[in-house]
Amino acid sequence: MSLLPNLRPGGRHGVASTETRDPIGYLVAGLSRLAQADLLDRLGLRKQAEQTVFTVTSGGFKAVTAASRQFSRRGSSKKPGVRPPGVSAPGTFDLTPTEDEQMLVDVVTEFADEVVRPAAAEANEACAAPTEVLEGSLEIGLPILGVPESLGGISEERSAMAGTLVAEALGKGDMGLAVAALAPGAVATAIGLWGSEEQQQTYLPAFTGDRGDEKVPAAALALAEPTVLFDALSPATTATRTDDGFVLDGVKSLVPRGAEAELFVVGATLDDAPVLFLIESSTPGLTVEADPSMGIRAASLTTLRLDGVRLDESAVLGDTDGTAYAECVRLSRLAWCALAVGTGQAVLDYVTPYVKEREAFGEPIAHRQSVAFMVADMATELQAMRLLTYKAAARAAAGKDFSQQVALARNLCADKAMRIGLDGVQLLGGHGFVKEHPVERWYRDLRVVGLAEGAVLV
Amino acid sequence: MSIWLDDPKKFRTLAGQAHQVAMNMLRPISRTYDRAEHEYPKELDMLAAMIDGLAESGASEGAGAAGVRRDESEADAGVKNGANLASVMSIAEMCWGDVGLLLSMPRQGLGNSAIASVADDEQLKRFEGVWAGMAITEPGTGSDSANITTTSVLDGDEYVINGEKIYVTSGDRADHIVVWATLDRELGRSAIKSFVVAKGTPGMRVDRLEHKLGIRASDTATIIFENCRVPKENLLGSPEIDPKQGFAGAMATFDNTRPLVASMAVGCATAALDLTRELLAQAGVVVDYDRPACLQSAAAAKVLQMEADLEAARLLMLQAAWMADNRKPNSLEASMAKAKAGRVGSDITLSCVELCGTVGYSENELLEKWARDSKILDIFEGTQQIQQLIIARRVLGLSSAELK
């Protein structure tokens, strides 16, 4: 077989390299090539399939085309930025949100019900969020939720809890659209948390609307990379020191709305420690490619390639010892947990009336224990996911160490959220498998919870 | 008001004390009474006296089997962390020591919880200081407790009780038994009432003690009632048969005791996981919370999953107790807590034995014992399946006639 390595089937089309072809295999492979050839089409032997994949796809990586604005530099890169103070830890076990949080949740819930959910199916097909969803999210103030009041934002104190509740409420509307809407806020929140005075004064006004009519930029937090067994804390993307700054090389994935983003926060390894870098999309060496995935398609996922991207010294966001980076990874996982809770609730709310109405063998299927117990477990595990997520969020907001809490929340959410998505489809049977019902979308969306890094942040 | 799910600060001292008691009093005798089934753990008398003392001084914050009483009189003064939270936290610590011994604790029986839940003020005073076991299950009736056959007939100023009860925890050692009996089998569940019967009452006798898989330090008795006469004032709650109230009266006890059983499962599982984590660390397995489970060893990944499940059970338990403290109906949450704690209690204790190999399987360690003790916690006070039924009926809004 070593004589014909190029004829081996492995390494492509999801075929493992251990596979071999026998004579029939070669015959079938030949037929397949023929079937794919243009000849059939020229002869009119095949109906043209309609291509609906979004436009950045064709032709591979392209330069970031978003009309990148000029961010005029202000403030000092040596001075630390303004930091929102941590909430004081109350000490009393309590499940009641504050009045402000409740108000925020009510507003976002209404937005999720009235605007987000109705747009979800189409946005999934189009691999893009419609304007009214994005504009609505700006009106609510989602991008500046995590930005300190003194910098034009709306948070008086550390907003991880409010951010968690908002992500949950949005995730109940639609996870893909939630990611699209929350993506700019992830970058703004990161700048609020770790930015220098210069970074805060240069970039935050664009998010807070202090630049007149200029629209709030799309922006993306890019931590994930397209490798198996990816370890967020050891990115393969590298930052190399130069005389006046850094050169970055690598590929980032799961980058929401990357094609239109004007600002990126990118994770890269600098001197063996993971570090966050702020990169304007006009920087030479950045290219982006559409990366439509199994789910959260409305987030217009892309892959971002960095080829010799030169940044100056002030591009580092936060410290260079990995502290800010690790914090960022944890807060991002927290946001994914919150989204999982929201989408899990959507599944539960959808299957509950369904199993009571759907009849089999002369009675509603909900009257059968095998069905009812699936719903019971769904409700129980969902509430557990919520409690673990809230516990981590409350500690984060209070400025306490929450690394263990968020790890446990993510572990439970990754497992149970997928179970909920799986059972959501199963409870609808064949109806769950077709796009007439949203459960198949939630199934695809919930798969991301166990593997996502970056993109959202609370 | 703001969301905060760490252990209540107020009870940290209490939980710390309970942990010390569990470590220094229960653990040293844990294996002894597992082997010497049916032998009375005399050490507990001293401990019980100490617990009574703490209760009198107020230092125990009302924790214990009777801590489940819902005080309706208290004025609403913001969010409360009260006796229910104190109880689940301290019982979890005690069960980290030993579930069987906790269940044998004088004056801390499930019957005490029943009295605290249902008794009126006069009864509460009269039964103060008793040690009450709980008799519900019958040879032909387990989970289907609405179907019990033990009868209670009013004759003058006394009720006459007849029937056989099994699986009565502390049935031999307790000085009182709270027994469920029906006033009229024709009238169904609303006719089921609970009665307090003092030991030594003619007509009630302990027939035998069970030999069990786990919680062997705790005695589990079969009790026979033959024309056993009790004063009519010993009926807990209202003697009226109110079909509208249905089963609610007697069942209210369960809303209160299920979080307690959840806390037992949480305590037992915590014990197993604490020891396993240390044994694994000695073998070079350390969990990294920041790295995904799939990048770590299978053992570390399993520990991560167990910790997540345990934390889930623990928070569901705290939630149910917090709701009770704040007078919110918690039947759904109590069942969620018990369902989750029951199943992860088994998974964790059994997985810990597996991870630790023959070290875990041998009687030289307590891991195998915890894996036996934990099983009952997914059975008594409502099996896993009964909890799922309750949760499903609540979530789906179905009656017991629709979802059987």
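Begin by selecting α10(A), a helix of 26 residues that reaches 37 Å from its first C-alpha to its last, close to the 38 Å expected at 1.5 Å a residue. Colour its residues by burial, and you will find that 19 of the 26 are buried, so α10(A) is largely enclosed by the rest of the structure. Step off the end of the helix to Gly429(A), which follows α10(A) and has a positive phi, near 60 degrees.

Before going on, bear in mind that what you have open is a predicted model. For the complex, the predictor gives an ipTM of 0.94 and a pTM of 0.93. Colouring by pLDDT shows chain A with an average of 91, where 91% of the residues score at least 70, and chain B with an average of 93, where 97% of the residues score at least 70.

**Where the chains meet**

Show both chains and select the residues that touch across the boundary: 39 residues of chain A are in contact with 39 residues of chain B.

**The nonpolar core**

Next, select the largest nonpolar core, which has 274 residues. The residues with the most contacts inside this core are Leu177(A), Ala190(A), Phe277(A), Leu334(A), Val375(A), Val456(A) and Met317(B). In soluble globular proteins, nonpolar side chains tend to be buried together. Centre the view on Leu334(A) and, leaving aside neighbours within four places in sequence, look for its contacts with Ala160(A), Thr164(A), Thr389(A), Ala392(A), Ala393(A), Ala396(A), Val406(A) and Val458(A).

Now colour chain A by its domain assignment, which gives domain 1 (5–42), domain 2 (55–317) and domain 3 (323–450). The C-alpha centres of domain 1 and domain 2 of chain A lie 42 Å apart.

From there, select helix α7 of chain A, residues 197–208, whose 12 residues reach 16 Å from the first C-alpha to the last, close to the 16 Å expected at 1.5 Å a residue. Which residues of α7(A) are buried? They are Gln199(A), Gln200(A), Thr202(A), Tyr203(A), Leu204(A), Ala206(A) and Phe207(A). Just after α7(A) comes Gly209(A), which takes a positive phi of about 80 degrees.

**Domains of chain B**

Move to chain B, which is divided into domain 1 (9–125), domain 2 (130–236) and domain 3 (248–396). Domain 1 and domain 2 of chain B have C-alpha centres 23 Å apart, and their contact takes 23 residues from domain 1 and 22 residues from domain 2. On the domain 1 side of that contact, α1 (12–35), α4 (99–103) and α5 (110–118) of chain B each supply at least two residues, and α5(B) gives the most, with six residues. The residues of this side divide into 12 nonpolar, seven polar and four charged.

Is Ser113(B) buried or exposed? With 26 C-beta neighbours inside 10 Å, Ser113(B) counts as buried. Not counting residues up to four places away in sequence, Ser113(B) touches Ala65(B), Ala66(B), Val68(B), Thr253(B), Asn256(B), Thr257(B) and Leu260(B). A distance drawn from Ser113(B) to Ser90(B), C-alpha to C-alpha, spans 15 Å for two residues that are 23 apart in sequence.

For the last stop, select Glu210(B), in the loop between β6 (204–209) and β7 (220–231) of chain B. Glu210(B) is partly exposed, with 16 other C-beta atoms within 10 Å. Val68(B), one of the residues touched by Ser113(B), lies 28 Å from Glu210(B), C-alpha to C-alpha, and the two are 142 residues apart in sequence.

Key
Residues numbered from 1 in each chain as written. Chains lettered and ligands numbered in written order. Domains from an automatic or database assignment. Contact = placed C-beta atoms within 7 Å. Helix = DSSP H or I, 4+ residues; strand = E, 2+ residues; numbered from the N terminus. Nonpolar A, V, L, I, M, F, W, Y, C, P; charged D, E, K, R; others polar. pLDDT = per-residue confidence, 0-100. Core = buried A, V, L, I, M, F, W, Y, C linked by C-beta atoms within 7 Å. Buried ≥ 20, exposed ≤ 12 C-beta atoms within 10 Å, placed from the backbone. Expected span 1.5 Å × (residues − 1).
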